[in-house]
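Look over the sequence and the model before reading the points.

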Amino acid sequence: MEIGNWKSVAGMAQTYRHARELGLETNIAELEAFGFTIIPPEKNGAPKGFAERMYEKLLQITKAEDESAVDLNRHSDAEKPAYGRQIFHLLERDPIFIDAVMNPVVRTIGAYMMGQSYRLFSMVAFYKDGPARSTHMHCDCVGVPPPLPAYSTLCNVSWILTPYREETGTLGMVPGSHRLCRHPTQFEQPKFLGGPMDDDVVVPIRAEPGSLVVFPGNMWHCTYPKTTDGVRAHVVTAFARNFIAAAEDYSDLPDSVLAHGGPELARLIGRKAWQGYGRAGPKLEDMALVRAAYETPYG
Ligand SMILES: O=C(O)CCC(=O)C(=O)O
Ligand SMILES: [Fe+2]
């Protein structure tokens with residue numbers, strides 16, 4: 001049907017039209033029904049070889065960066081929220097990471113889940129070289145108490161950079177858990193993670209490099225034990241609702257990042273946020289940017 005500028009779903013019409021143009025309607029249906037979707041490489045909206053180039057860049061960074069520069073990497077696997085190595089603050093490392101955020105498919109699906117006032121929450125690479133244990137069942141709503149809002153407060157749009165299969169330590173999803181509005185408990189850890197829950201409640205993601213794995217923050221997910229040699233990596237572009245504080249501090253990004261990303265990147269990283277004011281108080285024009293979110297979850 002033709003989508004009008006319907007007042008009662010303010011914000012959704014434009015996002016939905018973009019989604020339709022980009023061929024994402026099936027993905028949206030899967031997100032609604034199951035809580036996750038996989039956008040294959042041919043639909044990722046990126047130039048040919050994009051994911052390969054991002055992977056090469058990530059490998060360069062992992063070689064150049066001292067692993068222990070990242071606090072989490074200094075802790076034992078048993079203590080950390082996720083197993084393996086993590087690389088943070090990617091936007092300033094190379095323009096390819098800016099392009100990964102500004103990609104029209106990534107942004108449209110982000111805006112669909114977080115509303116048009118969505119902001120960038122974080123960008124992080126999960127990198128595992130050689131065999132690795134599983135990351136426990138969790139949802140990405142760090143610090144959000146239950147009941148989690150039925151509309152998620154954040155979402156995960158992940159660039160898959162290496163083949164993701166059970167044996168390479170892929171992500172595992174619990175379909176439908178996005179509707180439960182709570183974090184998983186210790187009783188919802190599958191047997192392969194040492195818990196009591198049947199393993200077949202968890203579904204492994206199979207995805208080729210260049211795919212986007214997409215799920216809202218309320219979705220329960222874990223990873224499978226990685227039994228293979230070699231590298232397995234994905235880069236998360238996480239978006240959040242306008243009222244959620246970003247996980248990353250973007251105030252130190254060089255001007256070159258903003259020059260490359262343009263005004264929409266500036267907005268995404270909070271440069272137009274009404275929050276964070278001093279004595280002069282918030283700017284009315286910045287407050288206006290979140291106005292539509294008063295009406296619907298799509299604003
Ligand atoms: O790769 C991992 O170990 C964890 C990934 C994860 O939980 C995520 O992308 O949200
Ligand atoms: Fe996660």
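This is a predicted model: local features need pLDDT of at least 70, side-chain atom pairs count only at pLDDT 80 or more; totals for chains, interfaces and linings use all residues.

Residues are numbered from 1 along each chain as its sequence is written, while chains are lettered from A and ligands numbered from 1 in the order in which they are written. Helices (H or I, at least four residues) and strands (E, at least two) are DSSP runs, numbered from the N terminus.

**Sheet**

- An open sheet holds 3 strands in the order β6-β5-β8, with antiparallel pairing; two strands pair if DSSP finds at least two bridges between them.
- β6 (203–204) and β8 (221–223) are at the edges and have a single partner strand each, so one side of each lacks a neighbour in the sheet.
- β5 (residues 171–173) pairs with β8 in the antiparallel sense over 3 bridges.
- Glycine 172 lies opposite cysteine 222 in β8.

**Helix contacts**

- Two packed helices are described by the angle between their axes and the distance between the axes.
- Axes are lines fitted to C-alpha atoms, for helices over the stretch in contact, and angles run from 0 to 180 degrees between N-to-C directions.
- Helix α4 (residues 95–102) packs against helix α6 (residues 255–268) at about 30°, with the axes 10 Å apart.
- This makes α4 roughly parallel to α6 (angles under 35 degrees count as roughly parallel, over 145 as roughly antiparallel, 65 to 115 as roughly perpendicular and the rest as oblique).
- Pro95, Ile98, Val101 and Met102 in α4 meet Val257, His260, Gly261, Leu265 and Leu268 in α6; residues are in contact if their C-beta atoms, placed from the backbone, lie within 7 Å.
- The contact of α4 with α6 has 7 nonpolar, 2 polar and no charged residues (Ala, Val, Leu, Ile, Met, Phe, Trp, Tyr, Cys and Pro count as nonpolar, Asp, Glu, Lys and Arg as charged, and the others, Gly among them, as polar).
- Helix α1 (residues 12–21) and helix α5 (residues 104–114) pack at about 140°, with their axes 9 Å apart.
- In α1, Thr15, His18 and Ala19 meet Thr108, Ala111 and Tyr112 of α5.
- The contact of α1 with α5 divides into 3 nonpolar, 3 polar and no charged residues.

**Ligand 1**

- The residues around ligand 1 include Tyr83, Phe126, Asp140, Asn156, His221 and Thr223; a residue is near a molecule if its C-beta atom, placed from the backbone, lies within 6 Å of it.
- β4 (154–160) and β8 are the elements that give two or more residues to this shell.
- The shell around ligand 1 has 4 nonpolar, 6 polar and 1 charged residues.

Methods:
Two residues are in contact if their C-beta atoms, placed from the backbone, lie within 7 Å.
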